[in-house]
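Let's take a friendly walk through a protein model together. Have the sequence and the 3D view ready as you read.

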Amino acid sequence: MFEISVNSKAINVDVEPDTPLLWVLRDTLQLTGTKFGCGVSACGACTVHIDDEPVRSCSITIEDVAGSNITTIEGLAEENLTAVQQAWIDEQVPQCGYCQSGMIMAVSAFLKENPAPSDDEIDNAIDNICRCGTYPRIRKAIHNAAKKQGGQ
């Protein structure tokens with residue numbers, strides 16, 4: 001039995017210690033906003049925040065995150081959309097949408113560290129993969145969100 005906090009709720013889960021966090025979120029807790037992409041931490045579709053840091057949940061076990069605070073895309077905004085989520089809508093970023101929850105989680109954490117990023121900083125920091133190739137819209141949305149949050 002492992003105790004974790006998911007989206008500000010204390011939860012006990014009874015799974016094998018080596019169960020990837022992604023499967024606990026999706027299969028045990030039915031939080032399906034976090035997506036399975038590659039399974040080897042390469043694409044970022046499964047990005048969540050663990051203690052406010054972006055982590056790819058496909059490659060970390062429940063045993064590794066016991067006692068941690070985990071935020072998924074479902075818990076990113078409590079009532080209103082975040083600046084990043086609103087910018088995604090404003091800039092019509094999603095195409096197929098599959099990678100978008102992981103992308104939004106990665107960008108949300110990135111903008112806390114760098115509230116006014118340059119294009120090069122965005123390209124170096126956000127290495128999530130979008131098979132639809134919406135990178136120009138993603139970059140535009142990041143600048144939009146940074147502006148909404150008071151950055152550049």
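This is a predicted model: local features need pLDDT of at least 70, side-chain atom pairs count only at pLDDT 80 or more; totals for chains, interfaces and linings use all residues.

**Charged pairs and a buried proline**

Residues are numbered from 1 along each chain as its sequence is written, and side-chain values use heavy atoms, with hydrogens and water left out.

What does Asp90 pair with? Its partner in a salt bridge is Lys148, and the closest N and O atoms are 2.9 Å apart. Asp90 belongs to helix α3 (residues 83-90) and Lys148 to helix α6, so this pair ties together parts that are 58 residues apart in sequence. Helices (H or I, at least four residues) and strands (E, at least two) are DSSP runs, numbered from the N terminus. Lys148 is partly exposed, at 44% relative accessibility.

Side chains of opposite charge can pair when their charged atoms come close. The term salt bridge is used for a side-chain nitrogen of Lys or Arg within 4 Å of a carboxyl oxygen of Asp or Glu. A search of the whole structure finds five of these salt bridges.

Helix α6 also holds Lys140, which forms a salt bridge with Glu91. In this pair, the closest N and O atoms are 3.7 Å apart.

Now look at Arg56, whose salt bridge with Asp127 has its closest N and O atoms 2.7 Å apart. Arg56 sits in strand β4 (residues 53-56) and Asp127 in the loop between α5 (119-125) and α6 (135-148), so the pair ties together parts that are 71 residues apart in sequence. Arg56 is buried, at 17% relative accessible area, and Asp127 is partly exposed, at 46%. Elsewhere, Asp119, Asp123 and Arg139 are linked in a network of salt bridges.

Our last stop is Pro117, in the loop between α4 and α5. At 4% relative accessibility, Pro117 is buried. Not counting residues up to four places away in sequence, Pro117 touches Phe110, Leu111, Ile122, Ile142, His143 and Ala146, where contact means heavy atoms within 4.5 Å.

Note on methods
Buried means under 20% relative accessible area, exposed over 50%, partly exposed in between (1.4 Å probe, protein chains only).
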